Each structure stands twice: as structure tokens, then as C-alpha cells.
Amino acid sequence: MEFNQNLNKDMNGNRSTNKETLQAKDLINVGIFTAIYFVLFFAGMILGYLPVFIPLLGFVCPVLCGIPFMLYLTKVKKFGMVSLTGIILGLLNMLMGSGILVLISGVLFGVAADLILRAGKYQSWKCTLFGSGIFALWIMGFISRMFLTRTEYFESLASSYGQEYVDTLMSYTPGWMFPVLFALTFAGGIVGALLGRGVLKKHFERAGIA
Amino acid sequence: MDTALSLPFEIKSAVKIDPRTKIFLTVTVSTIMVAGGTGGWMRFVRPSLAVFPVLALLAAGRWKAVLRFGITYAVLFTLELLALVHLTGAAGFLLGAVIGIYTHMLPGFLMGCYLIETTTVSEFVAAMERMHISQKIVIPVSVVFRFFPTVREEYAAIGDAMKMRGISSLRNPVKMLEYRIVPLMISVAKIGEELSAAALTRGLGAPQKRTNICAIGFGAVDVLLSAAAVFCWIGFCIG
């Protein structure tokens, strides 16, 4: 239980003397914001099943999730929280039946975003913007399956959704779309961060929770 | 309401399944239903996986959830049989996609409901401790599960408040997003503050090792269900 050596001090979280390890309070914050993030992400995800929207999925979800993510980052002062969010989002989606790729991308981009944020000491706006874009890329775990194991994926889709669905989806997602989708998702993360900061300034700072 | 009266750390159920088995079963149902095909062995695997969550929920006494999902499933199935063959072009395509998605997602979703509704946080923590999973994963994940119902309740309450003031949908999607999400996040952040204060008071994260009153362990039911799930995976892999 290394995360709590100063129980009487961390009711306010940020006064703790132990700056590097995560306290129980931090872990609870991770849980809260991951829950909101996941709910909003899922709301965006429902759109994505109509094939027309699949290319947009990577853009829409991070924009929606930008608001909780930016509020979350105001609470993040230590390394590990954003990584944990990535890991848990991956685990949750694996539980929902999205395969192991999502977990891998969740871990990968969660840690990468965390490293970027740490480079800015969780203060610098440039690093926050960039980190938010990188974090959004975990969503590519869903879409990667469509490109990395293309034939198998579409075969399994064809047997259950019908050939017409598959044909439409295939025509919307040619191979060159893969890097484009990466860029689009990154852009989604950036736009989400900007939107989130706008909302943060307009509402949350006034309400005293950011 | 009766859960509030009975002991909150355990939920009585006709069939007691270990949380670890539940998690394994949820992954099995959702993954195979979403990613699996329909031919070969899957002709037997798929229906049984679709029926299993319903049985599990019945065993846990969740009649309402079973009824709700049963009706949804029946409506979709009749739509598929009656309407889909007559529709062509965009409408048929759209309906086909929607039906396909729902019939694929519903069993996994139902299984997730079962997992969350029948597992208390204490049981979950006890099971994860048995597996020696780090507290850094266990605490956030249990908070996430604790928060899904809260988010839903708060969202409904915001909807009610908006209705009372006559602010209804579809005037401006971006504005609606703001009206919905901002209060939701404020209330959830506040609840979170209270939750962490309560949890810390109760000794979460105290240096001592926590003890747990929940009886966790694998029984005959767990072995049986896990074996069945392994068979489903074999069926899934060989197609």
C-alpha cells in the first residue's frame, strides 16, 4: 500500500508531501473521470455503427470526450493517472467485446500521452493540447482491426450484418484511409481539448470545481 | 429498495457465481457475439450465448431487465422477419444495420448489466485481491462501476429539470450538448469529492491490509460455466 503514507494530509489531495506516488484520492479521481469519459465515448460510439459515420468516429468521440478530459487534466498532477485511464478504458472495452487490440492501444497511447503531459509538468498548455491529441488515438484500437486483419474482419461482418453493409463499409474505408483516420482522430483530440478548455473557462472555473 | 435493507456487501442470488467467472463470461458473450460469424459451430454457440445472459438475470431475480430486453429482442426479430425482406435500398440497409447491431450488442450488454447489478464493490475488490491485481487498477475500476448508475441517474435528473423549465431538444445540438454535459459533470465531480471523502474515512488506502467479509471462491457452478465458456471459445476459433 505504498500510495498512502500521509492519511491525515490528503483530504485535500494536493497538500500531500509524497509528490510522486498516487494516493487513494487520485485513484478515485481516475475512476470518476474514466466513468464520465466512457459514457460520453459510448454515446458517440453508437453513431459509429452506421457505416457512413465510421470515418468520423475517430473525430466525433474525442471532441465529445474533450470536456471531461480537460476537467480531468486539471486534477492530474502526477504521472500515472492518464496512463491508468488509458488502461482502464482498454479493459472496459475489452469487456464489451472489442478485442485485445483496444487494450493494447489504450495502454500505448495512455502512457504516451502521460509522458507528454509530464514533459510539460502537467501545466503547459502546449503539452496538454498535444497530449490530448495523442490520448485520443487510443480509439484507433477499434478501427485498426478493420485494416490490420482486413479480410477476416470483413468476413465475420458479412456473415452477420449482410454483404451490403460490408460492401458499403469497404468502399468507405480503403487502405489509404488508415493514416488519414489517425490524423483525423488526432485532430479530434485537439478540437476536443480546445472545446474542453472553452467550457472549462466558461463554466467550471466559475463554479469552482476546476 | 430491498437491496438497501439487506446487507449491502452481498447480494442474494439463487445461483452464486464468482465475480471472476462473471467477468470471464461477460468477455466470452460480448466478444463472440460481436466478432463471431454465424456458420458452422457458431450455429449452436450463438443462440446459447444469446440465451445465457437472460437465464443468468432470471436466476438473479431481475425480472424487469429480462422483460425489457426480451421485448426489444422480440420486436427486432419480428422486424427482421417481416420488414427487412420487403425493404430495399437505403431504408433496408439502414434497418438491417440497426437490427444487426442491436442483436449483436444486446446479449453482451445484458451480460454487462448482470455483472454490474449482481456484483457489489466489496465482492469485486475481494475477487481482484485474490488475483493479486494492483490497487492502482482495482480502486479506479471499482469507482467506474460504482459511477455508471450515478451518471445515469444524474443524467435523468438533468433531463427532468430541463423539461420543467421547458427547455426541450432540437433547437441547437451544440447548445444542448453544453446544457446536458456541463451540469452532469459538475454534479458528478461533486459526488466524486464526497465519495472520496467517505472512502478515505472508511480507511481506503490506509497502510494496513484490508480485510474483506465477502465469501469469494470457485464452486461447481463456476467450473461448469467456465468449461462451457471454453467450449464456446473453441467453437469461435475453429469457426
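1. Two residues are taken to be in contact if their C-beta atoms, placed from the backbone, lie within 7 Å. By that criterion, 76% of the contacts in chain B with a separation of 6 or more join residues 24 or more positions apart. The corresponding share for chain A is 68%. The model under discussion is a predicted one, and the points below should be read accordingly.

2. On overall confidence, the predictor assigns the complex an ipTM of 0.83 and a pTM of 0.84. Chain A has an average pLDDT of 81, and 84% of its residues score at least 70. Within chain A, residues 1-17 have a pLDDT below 50, and this stretch makes 34 contacts in the model beyond near neighbours in sequence. Chain B also averages a pLDDT of 81, with 87% of its residues scoring at least 70.

3. Helix H1 (residues 2-5) of chain B has the lowest value, a mean of 43, whereas helix H7 (residues 135-164) of chain B has the highest, at 88. For residues 1-7 of chain B the pLDDT remains under 50, and the model shows two contacts beyond four places in sequence for them.

4. The secondary structure of chain A consists of nine helices and zero strands, in the order α-α-α-α-α-α-α-α-α along the sequence. Chain B likewise has nine helices and zero strands, and its elements run α-α-α-α-α-α-α-α-α from the N terminus on. Of the 210 residues of chain A, 53% count as buried. In chain B, buried residues make up 29% of the 239 residues.

5. The two chains meet through 42 residues of chain A and 46 residues of chain B. On the chain A side, at least two residues each are supplied by helix H1 (24-47), helix H2 (54-75), helix H3 (81-95), helix H7 (150-161), helix H8 (163-172) and helix H9 (177-207). H1(A) provides the largest share of that side, with 12 residues. Sorted by class, the side of chain A that touches chain B has 28 nonpolar, 12 polar and two charged residues.

6. Tyr122(A) has 20 C-beta neighbours inside 10 Å and so counts as buried, since 20 or more are required.

7. The buried residues of H5(A) are Thr128(A), Phe130(A), Gly131(A), Ser132(A), Gly133(A), Ile134(A), Phe135(A) and Ala136(A).

8. Helix H2 (residues 19-35) of chain B has 17 residues, and the distance from its first C-alpha to its last is 24 Å, close to the 24 Å expected at 1.5 Å a residue. Its buried residues include Pro19(B), Lys22(B), Leu25(B), Val29(B), Ile32(B) and Met33(B).

9. How are helix H3 (residues 42-59) and helix H4 (residues 63-82) of chain B arranged? They pack at an angle of about 155°, with their axes 9 Å apart. Because angles over 145 degrees count as roughly antiparallel, H3(B) and H4(B) are described as roughly antiparallel to each other. Val54(B), Leu57(B) and Leu58(B) in H3(B) meet Ala65(B), Val66(B) and Gly70(B) in H4(B). By class, this contact has five nonpolar, one polar and no charged residues.

10. Helix H3 of chain B also holds Ala56(B). Ala56(B) has 25 C-beta neighbours inside 10 Å and therefore counts as buried. In sequence, Ala56(B) and Tyr114(B) are 58 residues apart, yet their C-alpha atoms are 7.3 Å apart in space.

How values were computed: Residues numbered from 1 in each chain as written. Chains lettered and ligands numbered in written order. Predicted model: local features only at pLDDT ≥ 70, side-chain atom pairs only at ≥ 80, totals over all residues. pLDDT = per-residue confidence, 0-100. Helix = DSSP H or I, 4+ residues; strand = E, 2+ residues; numbered from the N terminus. Nonpolar A, V, L, I, M, F, W, Y, C, P; charged D, E, K, R; others polar. Expected span 1.5 Å × (residues − 1). Buried ≥ 20, exposed ≤ 12 C-beta atoms within 10 Å, placed from the backbone. Axes fitted to C-alpha atoms, helices over the stretch in contact; angles between N-to-C directions. Parallel < 35°, antiparallel > 145°, perpendicular 65-115°, else oblique.
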